[in-house]
Amino acid sequence: MKIERKKIYDPILRLTHFAIAFFSLALIISAYTAKYFFEVGVLRKSFWVMHVYSGFALTLFLTIRIIWGFIGPKHARWKELWKWKIWTKALKERTVHLQWDWGHHPLASIAYLLFYAVITFLSA
């Protein structure tokens, strides 16, 4: 079986995915690091400032990703992540070995949708 390689994800989608992952990690690291310093002080305040600005940046890139899911190319669209027929088939057959076209794995798309929902909820 020959594996075919296609570039289906556009630069905006790649940028938003990277930025969302980066700023999510920055939020986690800044929050957990700041609590190990004294209650007051320049270093602790610096971590919280980084935390706040990382939250703003995450919200910005999440908003761009949500909008791009409606107006972007085919594989950036939300309908490409919503694979209801494949999900129900996987549940009926109790398998994770699924057949799908190009794009996200059907089970990974559930994780992405849940992640976007949680981050949107936390950003609101």
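**Figure 1. Threonine 59 in its helix.** Threonine 59 is found in helix α2; helices here are DSSP runs (H or I, at least four residues), numbered from the N terminus. Threonine 59 and leucine 114 are separated by 55 residues in sequence and by 16 Å in space, C-alpha to C-alpha. The model is predicted: local features need pLDDT of at least 70 and side-chain atom pairs count only at pLDDT 80 or more, whereas totals for chains, interfaces and linings use all residues. Residues are numbered from 1 along each chain as its sequence is written, and side-chain values use heavy atoms, with hydrogens and water left out.

**Figure 2. Helix α2 and its buried residues.** Helix α2 contains 30 residues and reaches 43 Å from its first C-alpha to its last, close to the 44 Å expected at 1.5 Å a residue; the expected span is 1.5 Å times one less than the number of residues. Buried positions in α2 are Phe47, Ser54, Gly55, Ala57, Leu58, Phe61, Leu62, Arg65, Trp68 and Gly69. These buried residues of α2 pack against α1, α3 and α5, where contact denotes heavy atoms within 4.5 Å.

**Figure 3. Surroundings of tryptophan 68.** Tryptophan 68 belongs to helix α2 and is buried, its relative accessible area being 19%. Leaving aside residues up to four places away in sequence, tryptophan 68 touches Asp10, Ile12, Leu13, Pro73 and Ala76. Threonine 88 lies 20 residues from tryptophan 68 along the chain, and their C-alpha atoms are separated by 27 Å.

**Figure 4. The two faces of helix α5.** Helix α5 comprises 18 residues (106-123), which should span 26 Å at 1.5 Å a residue; the end C-alpha atoms are 26 Å apart, in agreement with that value. Pro106, Ser109, Tyr116 and Ile119 are the buried residues of α5. Viewed down the axis of α5, the buried residues fall within an arc of 135 degrees and so line one face of the helix; the arc is that of the directions from the helix axis to the C-beta atoms. In general, an α-helix has 3.6 residues a turn, so residues three or four places apart point the same way. Exposed residues Leu114, Phe121 and Leu122 are carried on the face of α5 turned away from its buried side. Cover for the buried residues of α5 includes α1 (11-34), α2 (42-71), α3 (78-81) and α4 (84-93).

Figure 5. Isoleucine 3, in the segment before α1, is exposed at a relative accessible area of 71%. Between isoleucine 3 and serine 24 there are 33 Å in space, C-alpha to C-alpha, for a separation of 21 residues in sequence. Phenylalanine 18 lies in helix α1 and is exposed, with a relative accessible area of 57%. A nonpolar surface patch is formed by Leu25, Ile28, Ile29, Tyr32 and Tyr36, which together have about 590 Å² of accessible area; of these residues, tyrosine 32 lies in helix α1.

Key. Buried < 20%, exposed > 50% of the residue type's maximum accessible area, 1.4 Å probe, protein only. Patch = residues over 30% accessible without salt bridge, like charges linked within 9 Å, V, L, I, M, F, W, Y side chains within 5 Å. Areas by Shrake-Rupley, 256 points an atom, 1.4 Å probe, with all protein chains shown as cover. Salt bridge = Lys/Arg side-chain N within 4 Å of Asp/Glu carboxyl O.
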